[in-house]
Amino acid sequence: MTKRVAILISGGGSNMVRLVDSMTGDYPARPCLVLANDPGAGGLEKAAARDVPTAVVDHRPFGADRAGFEAELTRVLAAHAPDIICLAGFMRVLTPDFVTRWQGRMLNIHPSLLPKYPGLHTHARALEAGDAEAGCSVHEVTAELDGGPILGQARVQVLPGDTADSLAARVLVQEHRLYPLVLRRFAAGDGGRIDL
Ligand code: GRF
């Protein structure tokens, strides 16, 4: 049965756009919601232009009250009844309580070859380490930040003269290839890993 997918974003939503644009024809999923934690997120317009329902749950009024933010997040999500949540450039850390509730049904894309470089500034850290390659990972979200089972990875060569920005740009192209492929398999119930 076609799965309903809610996509959570914080910014431009380029990964969200690729996911939405991939969910056509015999793809076993369809977008049911794009939700941003920032009312200024550029991805909201892109989702609306694709006739995908959108919502905003601004995290700022909640301050340090993560539980309060997540209760509102849960209320809005419930109204759209997603089967799967895709985090796509979503920059809020979710509590173990929220993650546990969605465990096994929530994916994230992270711009490193996990388990290397969980957290932020992944490209700068790969360059600093002198790595020969970098890339991105799609993983199931668990309570451990960027630590869940890896469902797919895509690799790029680090080139002489690469900066964090030039590397990020090449990795982003691979993110856009990888995420729709992994979601397709995941939505079809095929847990096999994809390596590009
Ligand atoms: C991407 O590098 C993604 O890996 C990270 O956030 C960045 C922006 O993503 N999570 P998007 O363009 O908003 O999808």
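Colleague: Is phenylalanine 69 buried or exposed?

Modeller: Phenylalanine 69 is buried, since its relative accessibility is 6%. The cut-offs are under 20% relative accessible area for buried, over 50% for exposed and partly exposed in between, with a 1.4 Å probe and protein chains only. Bear in mind that this is a predicted model, where local features need pLDDT of at least 70, side-chain atom pairs count only at pLDDT 80 or more, and totals for chains, interfaces and linings use all residues. Residues are numbered from 1 along each chain as its sequence is written, and side-chain values use heavy atoms, leaving out hydrogens and water.

Colleague: How many aromatic pairs turn up in the whole structure?

Modeller: The search finds one. Phenylalanine 62 and phenylalanine 69 have ring centres 6.0 Å apart and planes at 65°, so they are edge-to-face. Rings of Phe, Tyr and Trp (its six-membered ring) pair if their centres lie within 6.5 Å, and planes under 30 degrees apart are stacked, over 60 edge-to-face and the rest tilted. Phenylalanine 62 is partly exposed, at 25% relative accessible area.

Colleague: Switching to cysteines, how many disulfides does the structure hold?

Modeller: Zero, where a disulfide is a pair of cysteine sulfur atoms within 2.5 Å. For cysteine 32, the nearest cysteine sulfur is that of cysteine 86, 10 Å away. For cysteine 136, the nearest is again that of cysteine 86, 14 Å away. Cysteine 32 is buried at 6% relative accessible area, and cysteine 136 is buried at 0%.

Colleague: What does cysteine 86 contact, then?

Modeller: Leaving aside neighbours within four places in sequence, cysteine 86 is in contact (heavy atoms within 4.5 Å) with Val5, Ala6, Ile7, Leu8, Leu19, Leu107, Tyr179 and Leu183. In the largest nonpolar core, which has 37 residues, Ile7, Cys86 and Leu183 touch the most other members. Such a core is a set of buried Ala, Val, Leu, Ile, Met, Phe, Trp, Tyr and Cys residues joined through side-chain atoms within 4.5 Å.

Colleague: Which element gives the largest share of this core?

Modeller: That would be α6, with eight residues. There is also a second, separate core of 20 residues, including Ala6, Val57, Ile85 and Val141.

Colleague: And what is the strand order in the sheet?

Modeller: Eight strands form an open, mixed sheet, in the order β3-β2-β1-β4-β5-β6-β7-β8. Helices (H or I, at least four residues) and strands (E, at least two) are DSSP runs numbered from the N terminus, and two strands pair if DSSP finds at least two bridges between them.

Colleague: How do the strands run around β4?

Modeller: β4 runs parallel to β1, with four bridges, and parallel to β5, with three bridges. Isoleucine 85 in β4 stands opposite alanine 6, and methionine 106 is the bridge partner of isoleucine 85 in β5. Ile84 and Cys86 point one way from β4, Ile85 and Leu87 the other way, and all are buried. In a regular strand, side chains alternate between the two faces of the sheet.

Colleague: What about β5 and β6?

Modeller: Strand β5 (residues 106–110) runs antiparallel to β6 (residues 133–140), and four bridges join them. Histidine 110 has serine 137 of β6 as its bridge partner.

Colleague: Is asparagine 108 buried or exposed?

Modeller: Buried, with a relative accessible area of 9%. Asparagine 108 is in β5, and beyond its neighbours within four places in sequence, the residues in contact with asparagine 108 include Leu87, Ser137, Asp146 and Tyr179.

Colleague: Now helices: which strands does α1 lie across?

Modeller: Helix α1 (residues 14–22) lies across β1 (3–9), β2 (29–36), β4 (84–87) and β5, at about 165° to β1. Axes are lines fitted to C-alpha atoms, for helices over the stretch in contact, with angles from 0 to 180 degrees between N-to-C directions. The buried residues of α1 are Asn15, Met16, Val17, Leu19 and Val20, and their cover includes α2 (43–49) and α6.

Colleague: Last one, where is glycine 161?

Modeller: Glycine 161 is in the loop between β7 and α6, and is exposed at 72% relative accessible area.
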